[in-house]
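Work through the following exercises with the structure in view, and try each task before reading its solution.

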Amino acid sequence: MDRVLGQNQAVDLLNLQLSTGRQHHAYIFHGPVGVGKFTTALAYARVLLCHDRGADLAGRVTACGACPSCGLLTNLTPGTTPTQDDDTQGLTTAHPDLHVIRKELARFSEDTSTRNRKLTRIPVEVLRSALIEPANLAPRLGKNKVFIVDEAELLNPAGQNALLKTLEEPPVGTTLILVTSQEDRLLPTIQSRCMRIAFSPLPDQAVRDWCAKHAPDQSADQQNTLVEFASGSLGRAQLITRYGLLAWADAVLPALDRAARGKSTPDLGQQVFNFIDTFAVDFVKAHANGSKEAANKLGADMMWSLIATRARVRLADLSANCTPDDPIANEQALAPWLAVIDATEQAQRFLGSNVNLSITCDHLAVALTRRLAAAY
Ligand SMILES: [Zn+2]
């Protein structure tokens with residue numbers, strides 16, 4: 001597990017539990033998208049499932065790499081980046097005691113209506129057949145079984161309630177890991193029964209190292225923009241590169257700076273909408289049964305983050321120049337960029353309450369422009 005990039009605190013905590021033999025039976029791995037939660041869950045599962053665990057020079061418990069269980073999991077490569085793009089369906093069949101539950105499993109359901117449903121949630125039927133029922137069966141290869149629920153926030157309340165009994169009375173040798181970037185969508189009854197492990201955004205250098213390896217043709221400027229846009233998420237860096245999203249930054253960020261100089265960009269709302277919509281269409285094309293609604297949300301989250309991150313950069317620049325003896329002037333300088341962050345949070349709430357994407361984008365563009373221009 002020591003090779004999981006940039007998440008030392010989480011990894012150290014799990015290592016400590018392994019070395020003292022005090023593992024929990026249920027975990028919530030929570031933190032931003034694309035920072036290694038899922039990779040860590042797989043690495044932890046590999047150690048839990050190993051038949052002949054050892055220890056490295058630092059005293060950390062490690063998988064042996066040679067037993068039948070490790071043999072089936074040799075393709076797991078901790079340190080690489082999991083994203084919603086990865087198709088880890090193969091994992092569920094590669095090892096009989098490692099079960100990965102994701103919304104995509106609905107594609108393999110025996111039930112036609114579940115199979116044909118758009119993938120915006122993890123259907124409760126999938127949860128039953130892929131987790132609750134197999135959790136009560138004996139392990140096939142060793143003494144343990146591990147269930148990883150990816151994007152656990154996509155379990156609806158009925159699904160979460162169905163999980164409670166398994167969490168309360170876990171069959172011996174069963175470990176459950178809920179991976180989520182939206183922990184607040186898990187019921188308090190679920191949260192209180194799990195050990196929570198926090199994952200943080202990765203340091204910028206981790207994203208730079210990733211760029212050097214995976215996008216070596218980028219100019220220094222492009223790389224700086226990508227690092228800012230990715231804001232500590234390698235999963236996001238992958239999406240930006242794969243779907244050409246640096247164009248968003250090239251169009252939207254200068255518009256913000258123009259607004260701060262009192263100049264509006266009349267079609268900004270339409271541009272923002274077109275960017276998100278085009279991304280969502282491409283994303284759905286690349287994912288069988290992909291839901292346009294879920295892809296819109298993924299794209300919108302990235303757009304709001306792009307804008308809010310730039311506001312934070314401007315706030316940091318302005319704060320560095322603030323004079324301690326003039327608090328009113330300081331407040332006036334910072335207020336418009338704080339308002340930009342508020343506007344992105346409002347846009348997120350709008351979409352969350354099913355306001356149409358185009359209206360949300362127009363509303364955001366007007367709010368940004370008005371607040372930034374007002375301070376000019
Ligand atoms: Zn092993």
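**Exercise 1. State which domains the chain is assigned and how many Å separate their centres.**

Solution. In this predicted model, the domain assignment of the chain gives domain 1, covering residues 8–198, and domain 2, covering residues 243–374. Taking the centres over C-alpha atoms, one finds that domain 1 and domain 2 are separated by 34 Å.

**Exercise 2. Determine how the axes of helix 12 and helix 16 are oriented, and describe what makes their contact.**

Solution. Begin with the axes: those of helix 12 (residues 246–260) and helix 16 (residues 357–374) come within 7 Å and cross at roughly 40°. Next, recall that angles under 35 degrees count as roughly parallel and those from 65 to 115 as roughly perpendicular; the two helices are therefore oblique to each other. Then look at the residues: helix 12 contributes Leu256, Ala259 and Ala260 to the contact, while helix 16 contributes Leu368, Thr369, Leu372 and Ala373. Finally, sorting these contact residues by type gives 6 nonpolar, 1 polar and no charged.

**Exercise 3. Find out how many residues of helix 11 are buried, and what covers them.**

Solution. The buried residues are Leu234, Gly235, Arg236, Ala237, Gln238, Leu239 and Ile240. Among the elements that cover them are helix 9 (204–214), helix 10 (220–230), helix 12 and helix 14 (292–321). After helix 11 comes glycine 244, which has a positive phi near 65°.

**Exercise 4. Compare the reach of helix 2 with the expected value, and say how many of its residues are buried.**

Solution. Helix 2 (residues 37–49) has 13 residues, and from its first C-alpha to its last it reaches 18 Å, close to the 18 Å expected at 1.5 Å a residue. As for burial, 13 of the 13 residues are buried, so helix 2 is largely enclosed by the rest of the structure.

**Exercise 5. Locate glutamate 151 and serine 231, and decide whether each is buried or partly exposed.**

Solution. Most residues other than glycine have a negative phi. Glutamate 151, although not a glycine, has a positive phi of about 50°, and this residue is found in the loop between strand 5 (145–149) and helix 7 (157–168). The cut-off for a buried residue is 20 or more other C-beta atoms within 10 Å; glutamate 151 has 21 and is buried. Serine 231 also has a positive phi, near 30°, and lies in the loop between helix 10 and helix 11. With 19 other C-beta atoms within 10 Å, serine 231 is partly exposed.

Technical notes: Residues numbered from 1 in each chain as written. Predicted model: local features only at pLDDT ≥ 70, side-chain atom pairs only at ≥ 80, totals over all residues. Domains from an automatic or database assignment. Axes fitted to C-alpha atoms, helices over the stretch in contact; angles between N-to-C directions. Helix = DSSP H or I, 4+ residues; strand = E, 2+ residues; numbered from the N terminus. Parallel < 35°, antiparallel > 145°, perpendicular 65-115°, else oblique. Contact = placed C-beta atoms within 7 Å. Nonpolar A, V, L, I, M, F, W, Y, C, P; charged D, E, K, R; others polar. Buried ≥ 20, exposed ≤ 12 C-beta atoms within 10 Å, placed from the backbone. Expected span 1.5 Å × (residues − 1).
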